[in-house]
Amino acid sequence: MTNTAISFEYDVPGLADFQKRMKAVMANYPYLVIEKDHIIQGYAYAAPFHERAAYSRCSELSIYLAPESRKCGYGRKLYDELEKRIREKGILNLYACIAYTQKEDEYLDNNSAEFHAHMGFERVGYFHQCGYKFGRWYDMVWMEKIIGEHCKGGNLSYETENCIASAPSGKDCEGAVYDWKESL
């Protein structure tokens, strides 16, 4: 957080605060990490889109990867597993709130929006100059992915896609995805 505008937080949360956030998410939603050689490469989690009951079939997703772990297929592995798990909870709509910039700089590029588009998300909202960090203004986009059919009466129906991701050649991108619970 100290060298990126991917999050609009100014200060790195302390360990206790971060654990509290994680536990709140894990009470009802998956919180996944991906590691290679016992080193965490990234994490992703689902959370409620909104607290009102009518939004109970919607979820907001978040993903963070170590800079050296990008373009390795880890994001796809995390999101594929996350999507599988939240489908089981009856979630139909996925949302992502993403920092965005008109001019890429040392703090922010638009890789996250591009990744989400690659994963089947579509941009549904754009907020201009709504986040101020590092002495400059950044934009924000909302992206959406529909993963199930909205049936009359709230019944569930899913269409599945079989997507196989491959890492760029020459890059060792093996990694294991698992629930983040063991160290809390």
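## Helix 1 and its buried side

In helix 1, Met22, Val25 and Met26 are buried, a term that stands for under 20% relative accessible area, with exposed meaning over 50% and partly exposed in between (1.4 Å probe, protein chains only). These three residues cover an arc of only 95 degrees around the axis, which puts them on the same side of helix 1; the arc is that of the directions from the helix axis to the C-beta atoms. The face turned away from this buried side carries the exposed residues Ala16, Lys20 and Ala24. The buried residues of helix 1 pack against strand 1 (31-36) and strand 2 (39-48).

Helix 1 comprises twelve residues, 15-26, and reaches 16 Å from its first C-alpha to its last, close to the 16 Å expected at 1.5 Å a residue. The expected span is 1.5 Å times one less than the number of residues in the helix.

## Basis of the model

The structure is a predicted model, in which local features need pLDDT of at least 70 and side-chain atom pairs count only at pLDDT 80 or more, while totals for chains, interfaces and linings use all residues. Residues are numbered from 1 along each chain as its sequence is written, and side-chain values use heavy atoms, with hydrogens and water left out.

## Overall architecture

The protein chain has three helices and nine strands. Helices (H or I, at least four residues) and strands (E, at least two) are DSSP runs, numbered from the N terminus. In order from the N terminus, the elements run α-β-β-β-α-β-α-β-β-β-β-β.

Of the 184 residues of the protein chain, 39% count as buried. Among contacts (heavy atoms within 4.5 Å) between residues at least 6 apart in sequence, 65% join residues at least 24 apart.

## Strand pairing

Two strands are taken to pair if DSSP finds at least two bridges between them. Strand 1 and strand 2 run antiparallel and are joined by six bridges, with Ile34 opposite Gly42 in strand 2. These two strands form a hairpin with two residues between them. Strand 2 also pairs with strand 3 in the antiparallel sense, over seven bridges; here the bridge partner of Ala44 is Ile63 in strand 3. Seven of the ten residues of strand 2 are buried, so this strand is largely enclosed by the rest of the structure.

Strand 3 and strand 4 pair in the parallel sense over three bridges, and Ser59 has Leu94 of strand 4 as its bridge partner. Strand 3, helix 2 and strand 4 make a right-handed β-α-β unit. A crossover is right-handed if, with the strands pointing away from the viewer, the path from the first strand over the helix to the second runs clockwise. Strand 4 and strand 6 pair in the antiparallel sense over eight bridges, and Tyr95 stands opposite Glu144 in strand 6. Seven of the eight residues of strand 4 are buried, so strand 4 is largely enclosed by the rest of the structure.

## The largest nonpolar core

A nonpolar core is a set of buried Ala, Val, Leu, Ile, Met, Phe, Trp, Tyr and Cys residues joined through side-chain atoms within 4.5 Å. The largest has 31 residues, of which Tyr31, Leu61, Tyr79, Leu82, Leu94 and Phe121 touch the most other members. The elements that give two or more residues to this core are helix 1, strand 1, strand 2, strand 3 (58-65), helix 2 (74-87), strand 4 (93-100) and strand 6 (136-146). Helix 2 gives the most, with five residues.

Leaving aside residues up to four places away in sequence, Tyr79 touches Ala44, Leu61, Ser62, Ile63, Phe115, His116, Met119 and Phe121. Ser62 lies in strand 3 and counts as buried, at 15% relative accessibility.

## Residues with positive phi

Asp37 lies in the loop between strand 1 and strand 2. Phi of Asp37 is near 55 degrees, a positive value in a residue other than glycine. Asp37 is exposed, with a relative accessible area of 61%.

Gln129 is found in strand 5 (residues 122-133). Phi of Gln129 is near 40 degrees, again positive in a residue other than glycine. At 52% relative accessibility, Gln129 counts as exposed.
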